Amino acid sequence: MNIYTLTLAPSLDSATRTSQIYPEGKLRCSAPVFEPGGGGINVARAINHLGGNATAIFPAGGATGEHLCHLLKEEDVAVIPVPAQEWTRQNLHVHIDSSGEQYRFVMPGAMLSSAECQQLAAKIKAIPADSLLVISGSMPPGTDTDYLCGLIHLAQKQGIRCIIDSSGDALSAALEVGNIALVKPNQKELSALVKHPLNQPDDVRLAAQEIIQSGKAQNVVVSLGPQGAMGVSRDACVQVVPPPVRSQSTVGAGDSMVGAMTLKLADGAGLEDMVRYGVAAGSAATLNQGTRLCSFENTEKIYRYFLQS
């Protein structure tokens, strides 16, 4: 099954280190490491790291956009960039050696013109039927949720199954379209979707089932931080708790998880196997500092742990 990802607000991510942080003075940093960024782009990269193939669709503008495309080609990630007038944003991740803390400076996404939005829609329309499309990440400034819903309608009309990983109004609007193949909220996002707090032990399962029974999604996988994730479908419910690992950074864990689950969904795997592989990839990503995603080796080690336990 062909896999595509859509990132409406891609980024060029730079990561660096400094010994300590304080106001006003010059903070001497290590040489920056540049990596591609943005939800769907990272999902495509994670799929590539895990031995699969995904094509990333995204707008790219200016020198930062060119650098982003170059980095993706170096990783052998297939790309369909749409030329954009505004420069692709650049984010900054800073690791503080003295405390182990991380600071993430996230810039607003580049605004998209109406012509660029139409070009992105045309790329979606060209995706073959029976493909998977992962729409992940934030919305650019000035782009409303009606556009996002239109893209989902367009994809579904062509027989494409959509996976959504977003938040806030974008996530709510996407689910209102209905029949989403897979959605991955965290517990706070799930609470906002069902419009009530999730305080009791069984509230997460019941809230996920509420979304499924309403026809909004076929599979809901709720990320629960150190408790792993709970996966719910119309016929099943499973919670997968990762083994204890020494977490270095949570950056990229969610995208790694979505990439791994997308691979399993494309292979026709069941809910439990899909959630296990997703949690394994998400946990594998936390073993790295900075913005690095999961590795195949660490993901397989954790996945085998689940199969043997």
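In the predicted model, T5 touches G40, I41, V43, A44, T55, A56, I57, L133 and V134, leaving aside residues up to four places away in sequence. T5 belongs to strand 1, which covers residues 3–6. The relative accessibility of T5 is 0%, and the residue therefore counts as buried, the limit for that class being under 20% relative accessible area.

The secondary structure of the chain consists of ten helices and 13 strands. The C-alpha trace spans about 55 × 50 × 35 Å along its principal axes. Buried residues make up 53% of the 309 residues of the chain. When contacts between residues at least 6 apart in sequence are considered, 66% of them join residues at least 24 apart.

The chain has an accessible surface of about 14100 Å², and carbon and sulfur atoms account for 50% of that area.

After helix 7 comes G215, which has a positive phi, near 85°.

Two aromatic pairs were found in a search of the whole structure. One of them is formed by Y277 and Y303, with an edge-to-face arrangement, a centre-to-centre distance of 4.9 Å and an angle of 75° between the planes. The angle falls in the edge-to-face class because that class takes planes over 60 degrees apart. Y277 is located in helix 9 (residues 271–286) and Y303 in helix 10 (residues 296–308), so the pair ties together parts that are 26 residues apart in sequence. Both Y277 and Y303 are buried.

Technical notes
Residues numbered from 1 in each chain as written. Predicted model: local features only at pLDDT ≥ 70, side-chain atom pairs only at ≥ 80, totals over all residues. Heavy atoms only, no water. Helix = DSSP H or I, 4+ residues; strand = E, 2+ residues; numbered from the N terminus. Buried < 20%, exposed > 50% of the residue type's maximum accessible area, 1.4 Å probe, protein only. Contact = heavy atoms within 4.5 Å. Areas by Shrake-Rupley, 256 points an atom, 1.4 Å probe, with all protein chains shown as cover. Phe/Tyr/Trp six-rings, centres within 6.5 Å; stacked < 30°, edge-to-face > 60°.
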